[in-house]
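Subject: Structure for your files

Dear colleague,

Here is the structure I said I would pass on. My notes on it follow below.

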Amino acid sequence: MSARRLGTGGRIDRSRSVSFTFDGRSYRGFAGDTLASALIANGVTLLGRSFKYHRPRGVVTAGSEEPCALVTLRSGGRREPNVPATMVEIHDGLEAESQNRWPSLSLDAMAVNDWFKPILAAGFYYKTFMGPTRRAWMWFEPFIRRAAGLGAATREPDPDRYETVHMFADVLVVGAGPAGLAAALAAARAGARTVLVDEGAEPGGSLLNAPAGADSDGWLEAALAELNGLDTVRILTRTTAYGAYDHGVFGLVERVGDHLPAPEGAMPRQRHILLRAGASVIAAGAAERPIPFGNNDRPGVMLASAARAYVNRYGALPGERIVVFANNDGAYPAALDLARAGARVTVVEARKEIPPALISTCCEAGADIFVGHAVTATRGRKRVEGAVIAPFNTITGETAAGWRDIPCDVVCVSGGWTPVVHLASQRGVRPVYDEALAAFVPGGAAIDGQHHAGACRGTFSTRGAAREGFAAGLEAAKAAGHGKPAGELAHIDVLPDDGWETPIVPVWTVPPAPGTREAKRFVDLQNDVSLSDIELAHREGYVSVEHLKRYTTLGMATDQGKMANVNALAVMAALRDLPIGDVGTTTFRPPYTPVAIGALAGPEAGEHFKPVRRTPMDAVHRREGAAMTDAGLWKRAWYYPQAGEDVNAAYIREMMAVRSAAGMVDVSTLGKIDVQGPDAAEFLNRVYVNGWSKLAVGKARYGVMLREDGFVLDDGTTWRISEHHYFMTTTTAEAARVMAHLEYLLQVAWPDLKVHVTSVSDQWAAVAVAGPKSRTILADALSGLDLSNEALPHMGVGFGTLDGIPVRVARLSFSGELAYEVYCPAGFGEAMWQALKAAGAPHGLIAYGTEALGGLRVEKGHVAGSEIDGRTTLSDLGLERMASTKKPFLGQVLAGREALTDGGRPRLAGFVPVDGTARIRPGSILQPHGGPHEGHGLGHISSTTYSPELGHYVALGLVAGGMEAEGQVVDACYPVKGEVVPVRITSPHFVDPEGERLRG
Amino acid sequence: MRIDCPCCGPRDHDEFAYGGDASRTMPDIADTGMERWFDHVFLRDNPRGPHKEFWHHAHGCRQWLVVERDTVTHEIARVALARGEVSR
């Protein structure tokens, strides 16, 4: 093949040879090559197969906007699909594979899709895979899913590390081309802390596409030397600014280790940087765009500027016989550099008139030129073999008779330049169409602190871009509060003044030459969307750009239509007979280029996904062999298995031990809120449904609080420590929500109440000691506290010491047994646990976990989180008698809404299996016994446990009628396991319903 | 997004919890009017433009703030302690 390495030239390091493989074959390149440039240098021009039609595709660009040459890199857990070959820096041992082809790239079975093109048009799925039922689509879906997509992701865990960094700068400069470098110089000289980022491996941007040794290289070197010499400047290469967010926040991804065989040592593979900038300069440049003509997707069709980059930057010549098709002056440096590198070049200029000087320059370089002509189609399938050109009228957009065939192996296209407006547009300001440039430019002068400069605002001259960048850098620095004198930008006369002399004439598409066959004209190369798809969308009424995009999928691929969108809009505008500016663009959203999810997750993955909260006794539980479970962010002891026990055996033994002797359980995770102030009782009265004015010092009370909308928010016990001092406990799950709720009420709703609330959840360790022996055990363990029934009755509060540790004790019971909660300052938690354990050992005290804790309270009929799930009211839970009639409380009014007082609502009841042995599952839907089993039924089972005391399963749940339906049988249906268990409705209090054990 | 907390200075939005529309005033606790409570809890305007809303500095000073933010541009015009804003 005729693509080859040039003997001299390029910015690669010819002294460092690199070996890599592509599709299993070995090739050599040089340090500084991209995978694309190295493959071109090796004569490889077929790199992939297109998404839908599996057409052969090659390299189109030399940058991140690459639509076709997507490869999969690496293997195993480090495998990365859909990587543009144009952005891959080769290194020894690099393994790259082409995608979306089977069995091979050159012989792809799915290429048959190409024959079905007329049927596979836009909206194909939507129109075709219909059937009388949903099942029709579901039958097709697996085939379509397998055929869809380009590369395949790995299913193995990612072995690499990722970092998240928070960075701050006075001025962020995006893009290190001439405009960006100048902006960074200006900002830095003005005194601003400056961060300059570029997605490339080295700074320089478009300057790197000039021949090595060009005069502009001197300017580049000097600029970098000055910037690198300042410690207020940070240059980040291989870094993409992918998103611009509110208030000057930018998202960046730095590819730290992707260009190496593997990250070295502790190096992260990628770094996610959240940068807060006082102001920014966006110098993101512009991307050349192609012109759609027949079969414009063949390997060998590429952007003119890309071909120039391959020659000048990488020393690789894409072909021997090159046609350059253009409608603007910007393509000529490419044509000339290609000719000077030894290719036979034919320029096909669409415009009718161009300066004679341009024509003679072409001739001097040995290039032919056809003026007023267009390329209408290419010849060749796996690679371009020729171009068909015909006379072309830019005003009518029509071709005239007299086509001719030019044998060639590369067709370079330049349809104009599209400024990279993404970061500006992400801020919600739509870009504006500039007729003279035939381009969309950023919508305002300075958007959200962003100052634009250079090609990204339509200034295509290198020298002009530098000048603009310098000015923008000063403005940005000033906006960030820095205005030291910055001098002048020196030596910019060595930068070419290569703006357009003759205006561009837009050519949005080229029809077939008269007498030739129509061929597909691709607009979005990656998603295989062609001109006919856009016309189809228009015919079917999908004329708005947002509909056009979604109906055809144009612009929805990994390249987000960077080279396709403007052409598509222009075509739609012509179809609708509207100016392009009126048709507008779709909404721009981050990320600018794909971002790995691993980079966004940073270190917060795996066991670091959420913070872990441990109780003060966590280490003890683990030492005692507890199996741990998650309760929100908390780790709690689930059960303490003895030899050979599984969870069921363990929790049943623990429950039996508590009811027959005693048990101790870590309840430190409960929310604890200190409430103090002269209005504390009034506050509690308003927040809880029941009354607090008469609660004596040294007593505790069970309380329920409602949300504003009348549903139950949480329950807990609140103790009165002294006249104006209360100690509130909440459930573990609702602790944070209740705290925020109380703060809201005190700060916003009732700021006149003199009350302070303080979260003390982490300040107290707490153990519940429950069972008939609990009093005896605590009497042995504690001193300074009379534990007799008279001195410390049920719901009493007392203070004492436990092995020298100050403790507060409340006689409360969750299990229904005689029980106490013992609280000590968190630092003493482990010591308290050990002291209680020692005191309890002679009495048979065991440790129990959350499984037994739950089982005991279900036996008792105590509601908890499964019942207080945000959908239940006080009366649903059978607690309506708690509501005070003497004082108002939050939620009272809306709890009285019709739907919430409807007698048919499911209400709390107990359930036992009719056959006395079946297992009842939480979440079962309750349905009429024997049927019909449909819809939401009569209610659901909320909590279950095996009851050792009764010898069978018992459950709590909500059922229509509640306790009024006592004795009736309903079916507990668990469709997930296909179980139907008849259950009888009973009282929810299975054990000690009279509460005798509590009060003993 | 950044919010300039009166106590703590400019902080990142992920230190705060959104608290909804701040133009509503809770009825008096003794007010038994169903309509007034219903309006307070459920009815909201959805303005395109300046909006007064609550943010709770949950990972900072724990103060409830009233923030005037433009729902289109996200520009924040004003931040104040809620305590100082509510008159009773």
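Contact, as used throughout these notes, means heavy atoms within 4.5 Å. Helices (H or I, at least four residues) and strands (E, at least two) are DSSP runs, numbered from the N terminus. Buried means under 20% relative accessible area, exposed over 50%, and partly exposed in between, with a 1.4 Å probe and protein chains only.

This is a predicted model, in which local features need pLDDT of at least 70 and side-chain atom pairs count only at pLDDT 80 or more, while totals for chains, interfaces and linings use all residues. Residues are numbered from 1 along each chain as its sequence is written, chains are lettered from A and ligands numbered from 1 in the order in which they are written, and side-chain values use heavy atoms, with hydrogens and water left out.

The two chains

Chain A has 24 helices and 53 strands. Its C-alpha atoms fill a box of roughly 115 × 70 × 55 Å along the principal axes. Of its 1000 residues, 58% count as buried. Among the contacts in chain A with a separation of 6 or more, 67% are between residues 24 or more positions apart.

Chain B has two helices and six strands, in the order β-β-β-α-β-β-β-α from the N terminus. The box for the C-alpha atoms of chain B, again along the principal axes, is roughly 40 × 30 × 20 Å. Chain B has 88 residues, of which 42% count as buried. For chain B, residues 24 or more positions apart make up 44% of the contacts with a separation of 6 or more.

Helix α4 of chain A

Helix α4(A) covers residues 178-189. From first C-alpha to last, its 12 residues reach 17 Å, close to the 16 Å expected at 1.5 Å a residue; the expected span is 1.5 Å times one less than the number of residues. Since 11 of the 12 residues are buried, α4(A) is largely enclosed by the rest of the structure. The buried residues include P178(A), G180(A), L181(A) and L185(A). What covers the buried residues of α4(A) includes the strands β9 (162-174), β10 (194-197), β11 (233-236) and β14 (270-282) and the helices α5 (215-228) and α10 (462-479), from chain A. Just after α4(A), G191(A) has a positive phi of about 105 degrees.

Two packed helices are described by the angle between their axes and the distance between the axes. Here the axes are lines fitted to C-alpha atoms, for helices over the stretch in contact, and angles run from 0 to 180 degrees between N-to-C directions.

Helix α6 (residues 304-312) and helix α7 (residues 332-340) of chain A pack at about 40 degrees, with their axes 8 Å apart. That makes α6(A) oblique to α7(A). Angles under 35 degrees count as roughly parallel, over 145 as roughly antiparallel, 65 to 115 as roughly perpendicular and the rest as oblique. In the contact, A304(A), A307(A), R308(A), V311(A) and N312(A) of α6(A) meet P333(A), A334(A), D337(A) and L338(A) of α7(A). These residues divide into six nonpolar, one polar and two charged. Ala, Val, Leu, Ile, Met, Phe, Trp, Tyr, Cys and Pro count as nonpolar, Asp, Glu, Lys and Arg as charged, and the others, Gly among them, as polar.

The axes of α11 (residues 531-539) and α13 (residues 565-576) of chain A come within 10 Å and cross at roughly 45 degrees. That makes α11(A) oblique to α13(A). From α11(A) the contact takes L531(A), I534(A), E535(A) and H538(A), and from α13(A) it takes A568(A), V571(A), M572(A), L575(A) and R576(A). The division for α11(A) with α13(A) is six nonpolar, one polar and two charged.

Backbone points in chain A

The peptide bond from P590(A) to P591(A) is cis, with omega near 0 degrees. P591(A) lies in the loop between α14 (580-583) and α15 (597-601). The bond from G931(A) to P932(A) is also cis, with omega near -5 degrees, and P932(A) lies in the loop between β49 (925-928) and β50 (939-947).

N295(A) is not a glycine but has a positive phi of about 50 degrees. N295(A) sits in the loop between β15 (286-288) and β16 (301-303) and, at 14% relative accessibility, counts as buried. A438(A), not a glycine either, has a positive phi of about 50 degrees. The loop that holds A438(A) runs between β27 (432-434) and β28 (439-441), and at 0% relative accessibility A438(A) counts as buried.

Regards
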